[in-house]
Amino acid sequence: SPPFRPPSGGARHRALMAGKSLRRRVEDAVAEAIADHDPNQRLPGRDYEDVLYDVADKIFSTITEENRDALDDEDMAYIARKTRKLVAAALDALDPPAPPPKLRYAMFDRVVCNVGGERRWAPGTVMSVLEDDPDDVTGQAKLPYVVKMDPPNGRLISVPKDVYDVCRSEVCFGQRAGALWFTLFCLPQQPAKKSAARRFSVGDRVACAVEDESNDY
């Protein structure tokens with residue numbers, strides 16, 4: 001067999017130029033993908049370069065190892081997928097975390113919740129706020145309240161939304177049409193012990209929970 005001969009200077013130069021041309025095409029494809037996922041050009045220069053070279057290095061290495069001279073559909077799909085992921089992560093890091101939503105109630109506030117069924121509404125006490133939603137696989141959703149129902153139920157329930165039709169302030173004496181129902185819903189279902197001392201006496205002045213003019217109480 002003929003002895004091995006290294007490429008001539010001209011051949012080496014052509015191979016080097018071909019490699020540079022391929023690298024440029026790869027970087028152009030990645031740059032175009034970055035522009036698609038960051039149309040407002042929010043990425044700082046350092047983050048832009050990190051995404052560009054991370055993706056381009058991977059694709060260029062794969063093409064070189066496979067002795068190819070062009071990008072194929074699989075390369076383009078990887079560029080789009082990987083660039084989207086890296087750009088999203090970099091942009092998320094730029095944005096400060098959103099402030100927690102303003103809630104209508106705090107811990108230990110008395111509320112009445114829409115629980116459905118025959119009674120529909122039931123009173124209880126807010127025991128926790130902004131708890132992680134166990135049904136959210138992303139771990140980002142929060143439950144506004146966890147409420148402990150009054151006896152005899154006494155169980156903990158989650159309040160999925162902080163809205164009037166789901167959770168509202170406990171009402172002693174309502175002024176609106178149908179308010180008697182809420183007064184009855186808020187009555188204790190477990191009779192007080194006969195020996196229990198009353199907090200107030202005849203003639204004492206007290207304050208009672210009633211509706212306000214909005215639906216935001």
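How far is the sulfur of Cys113 from the closest cysteine sulfur? In this predicted model, the distance is 4.1 Å, and the closest cysteine sulfur is in Cys167. That is too far for a bond. A disulfide is defined as a pair of cysteine sulfur atoms within 2.5 Å. By this rule the model has zero disulfides. For Cys167, the closest cysteine sulfur is in turn that of Cys113. Cys113 is buried, at 1% relative accessible area. Cys167 is also buried, at 0%. Buried stands for under 20% relative accessible area, exposed for over 50%, and partly exposed for values in between (1.4 Å probe, protein chains only).

Five strands are arranged in the order 4-3-2-1-5, with antiparallel pairing. Strands are DSSP runs of E with at least two residues, numbered from the N terminus; two strands pair if DSSP finds at least two bridges between them. Strand 4 (156-159) and strand 5 (167-169) each have a single partner strand, so one side of each lacks a neighbour in the sheet. Neighbouring strands are turned by 45° against each other on average, direction ignored. The axes behind this angle are lines fitted to C-alpha atoms, on a scale from 0 to 180 degrees between N-to-C directions. Strand 3 (residues 142-149) and strand 4 run antiparallel and are joined by four bridges. Val146 has Ser158 of strand 4 as its bridge partner.

Residues are numbered from 1 along each chain as its sequence is written, and side-chain values use heavy atoms, without hydrogens and water. Local features need pLDDT of at least 70 and side-chain atom pairs count only at pLDDT 80 or more, whereas totals for chains, interfaces and linings use all residues.
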